[in-house]
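This briefing is intended to accompany the sequence and structure shown below.

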Amino acid sequence: MKELYLYAIKLMGIDIISVDLYMNYFKGQCKEIVDGLHSTFRRIPTLQIVGEDQQQDELQYILDSMKYTSRLEIYANTREGLPLNIPETIDDLHIDNGSWITLDYVMNSKMSTLSLWNTTLTNEDINVILKSWMEMKSHQNLKNLEIKLKNPENFVDIGLKDITYNMRPSPTGPYSSYIREGPFEVARNGRMATIEVSEYPIGFFVTMCPQPRV
């Protein structure tokens, strides 16, 4: 596979833009496989990791060794369930099994896009995050924030408590039927953002999308 990849690079002058690793197929060869990939790829814009009931050190070895530069998607859970060390140099992070993610982790993140599923974050925590963005205390470069809700029933009462917002007209389009609350419009020093609560077959999500800078 390495020879085939290097031949393709030489022949067509293209790079791999995404690598997906299915850890359940590694069968104890994680280090060998990752070392081989590390020595082959100059860089990988997007890295996706999938796995069930994995060892913490093996998942962390992948994160430490692979040269991903832009987007990281982790659909893997570990037996230990400990926090993962993820570089702040990437722009886009998706975590499917985020039981280790804390409010402090989110507040200190410098990534522009965060999609966090199955965390222990409460509506009170989300309220803190939203207020912090509005007060310009965190997330200076935020483009999109998505969090799967544990308690969608009282999100508006708690998640938006003491937050000034305006109701925007309901959007149209293929995804508008999923919206359950909002859109709510909030402001940060003149820069607007919309907050929505949507329901999908896999659960309820709150998203905040700041308008692009001009």
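In this predicted model, the side chain of Thr 78 reaches the backbone nitrogen of Gly 81 at a distance of 2.9 Å. Thr 78 lies in strand E3, which spans residues 68-78.

**Surroundings of Thr 78**
- Thr 78 is buried, because its relative accessible area of 14% falls under the 20% cut-off.
- When neighbours within four places in sequence are set aside, Thr 78 is in contact with Gln 54, Gln 55, Gln 56 and Leu 59.

**Arg 188 and its polar contacts**
- Arg 188 belongs to strand E8, made up of residues 179-188.
- With a relative accessibility of 4%, Arg 188 counts as buried.
- The side chains of Arg 188 and Gln 140 are joined by a polar contact of 2.6 Å.
- The Arg 188 side chain also reaches the backbone oxygen of His 139, at 3.3 Å.
- Apart from neighbours within four places in sequence, the residues in contact with Arg 188 are Trp 133, Met 134, Met 136, Ser 138, His 139 and Gln 140.
- Lys 131 is 57 residues from Arg 188 along the chain, and the C-alpha atoms of the two residues are separated by 9.4 Å.

**Nonpolar surface patch**
- Tyr 7, Leu 11, Met 12 and Ile 14 form a nonpolar patch on the surface, and together they have about 450 Å² of accessible area.
- One of these residues, Met 12, is located in helix H1, which covers residues 2-12.
- Met 12 counts as exposed, because its relative accessibility is 51% and the cut-off is over 50%.

Methods:
Residues are numbered from 1 along each chain as its sequence is written. This is a predicted model: local features need pLDDT of at least 70, side-chain atom pairs count only at pLDDT 80 or more; totals for chains, interfaces and linings use all residues. Side-chain values use heavy atoms; hydrogens and water are left out. Helices (H or I, at least four residues) and strands (E, at least two) are DSSP runs, numbered from the N terminus. Buried means under 20% relative accessible area, exposed over 50%, partly exposed in between (1.4 Å probe, protein chains only). A polar contact is a pair of N or O atoms within 3.5 Å; within protein, one must be able to donate a hydrogen and the other to accept it, and residues adjacent in sequence count only if both atoms are side-chain atoms. Contact means heavy atoms within 4.5 Å. Patches are made of residues with over 30% relative accessible area and no salt bridge: like charges are joined within 9 Å, nonpolar side chains (Val, Leu, Ile, Met, Phe, Trp, Tyr) within 5 Å. Accessible areas come from the Shrake-Rupley method with a 1.4 Å probe; for residues, only the protein chains shown count as cover. A salt bridge is a side-chain nitrogen of Lys or Arg within 4 Å of a carboxyl oxygen of Asp or Glu.
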